[in-house]
Amino acid sequence: MTEMVRKITLSRAVRTMQDLFPVEYNFYPRSWILPEEFPLFVDEVQMMKESDPSWKPTFIVKPDGGCQGDGIYLVKDPSDVRLTGSLQNRPAVVQEYICKPLLVDKLKFDIRLYVLLKSLEPLEIYVAKDGLSRFCTEPYQEPTVKNLHQVFMHLTNYSLNIHSGNFIHSDNANTGSKRTFSSILCRLSSRGADVKKVWSDIISLVIKTIIALTPELKVYYQSDIPAGKPGPTCFQILGFDILLMKNLKPMLLEVNANPSMRIEHEQELSPGVFENVPSPVDEEVKVAVIRDTLRLVDPQKKKRKNTQSQTSEQVSETKDELLDAGPADGLEYDTSKTTEAGLPSLCLKQVFPKYAKQFNYLRLVDKVAALFIRFLGVKGTTKLGPTGFRTFIRNCKLSNSNFSMASVDILYIDITRRWNSMGIDHRESGNAILYLKILEAFLVALVAQAHPKLQKLTLMEIHLSLDFFLLSVGQRHFLQEVPYSTV
């Protein structure tokens, strides 16, 4: 997961989905990967400026492995990107900067939302009912050449703004430089904003992002499972960083695999003298996330449930009803108590498979990943060899008199050479990057081979074609997961 949500791999995964579903994945800024796509970045920006002379863009450069705002900077022109030796050793993503964010108290802010990926197969996602709003510490102005370097105005990272003289440690949810997201929603609601739609759009963004990540995750997952052994039970708490635009549209900034769960902050009592003091805002949000994650993944929960009284079951049913509102109904902030060890009702709301019918049509690449895994031949590997690739082409009936098996071998060699030329160090422990490249290569090969047939089909027909083929090789769960009659 840590590798998958790095800035480059996340961008690649989302861009694959943007190519297939451009309207559904318009919540992620236009992005280019440096240094390999720098010429493309220059050409596309030049072309867009020529087509729209009034377009005055700003771009934000984010180092791939950076965190806490380290190494991030803004530029107005591609020529300002620091193409130095360090960029070759430390690749980055450059994105179109969102110049018109929603402001509160004239300050830019982002949302840290906690998401529980409870299981990968079947896919199960929970979203916390509240999050954190992290504020900049200088009043926002749209980027100009003069203010590009003012990080306290443009970057919302808590780890940067805490060093500002204007940073205000919050002692309640409604004020200061870090507040609860629910307090922001209350203010928006008082101004007449449709906060239920805001929540609905955020939930949709979360589900779509995880759908974009799951194909590669499944490849990594199977590669670590010894042949003949069942896989481990895993879960992960993710930190989604989301920015609301002025029109209240949520935009994905990044995803953190290991978000901070610290519930205290460092306060300077006197010059050079610090102490850790509780942070009520962090505690309110994070304790609930940790507590309810443990409740949801507790392996003994089902056993205890079977011994509960009828009264307890009725209370549980009532609790489930409170969590059953659809995305359009928003998330209710319920504080009622349950009989489960006197704990509050769950702060984590299940959003998948609860809303699977609305989103399963997006899981096209999931099926391609299943084909990839199926034709690896040996469990525990991530490299599809030439024999496995030939078998895949033959079984899919993608070769014909105009495209011989010799041509299939040439295609395999060409694509393998292309991905090997990207300078990936196979010896590094972080081989997840390599796995992603291999699956991407498989996607390229699939499209190259199937293109004459794919261009005549709708997305629904492609889905069905993959389903019937997966069914024939024993992957029945995919067909069962997607009820096409209801899409």
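Me: How many aromatic pairs does the count come to by this rule?

Reply: The count comes to ten aromatic pairs. The rule pairs rings of Phe, Tyr and Trp (its six-membered ring) if their centres lie within 6.5 Å; planes under 30 degrees apart count as stacked, over 60 as edge-to-face and the rest as tilted. This is a predicted model: local features need pLDDT of at least 70, side-chain atom pairs count only at pLDDT 80 or more, and totals for chains, interfaces and linings use all residues. Residues are numbered from 1 along each chain as its sequence is written, and side-chain values use heavy atoms, with hydrogens and water left out.

Me: What are the distance and plane angle of the aromatic pair that W32 and F41 form?

Reply: The centres are 4.8 Å apart and the planes are at 50°, and the pair is tilted. Both W32 and F41 are buried (under 20% relative accessible area; exposed is over 50%, partly exposed in between; 1.4 Å probe, protein chains only). Ring pairs also link W32 and F41 with F38, W55 and F59 into a cluster.

Me: Why is the pair of Y158 and F167 called edge-to-face?

Reply: The ring centres of Y158 and F167 lie 5.7 Å apart and the planes stand at 70°, so the pair is edge-to-face.

Me: Is Y158 buried, partly exposed or exposed, and what makes it so?

Reply: Y158 has 23% relative accessibility, so Y158 counts as partly exposed. F167 has 13%, so F167 counts as buried.

Me: At what angle do the axes of helix α6 and helix α7 cross, and what does that make α6 to α7?

Reply: The axes of α6 (residues 181-190) and α7 (residues 195-223) come within 9 Å and cross at roughly 140°. That makes α6 oblique to α7. Angles under 35 degrees count as roughly parallel, over 145 as roughly antiparallel, 65 to 115 as roughly perpendicular and the rest as oblique. Axes are lines fitted to C-alpha atoms, for helices over the stretch in contact, with angles from 0 to 180 degrees between N-to-C directions. Helices are DSSP runs (H or I, at least four residues), numbered from the N terminus.

Me: Which classes make up the contact of α6 with α7?

Reply: On the α6 side are F181, L185, L188 and S189; on the α7 side, V195, V198, W199 and I202. Contact means heavy atoms within 4.5 Å. The residues divide into seven nonpolar, one polar and no charged.

Me: What makes α7 roughly parallel to α12?

Reply: The axes of α7 and α12 (residues 364-374) come within 8 Å and cross at roughly 25°. That makes α7 roughly parallel to α12.

Definitions and conventions:
Helix = DSSP H or I, 4+ residues; strand = E, 2+ residues; numbered from the N terminus. Nonpolar A, V, L, I, M, F, W, Y, C, P; charged D, E, K, R; others polar.
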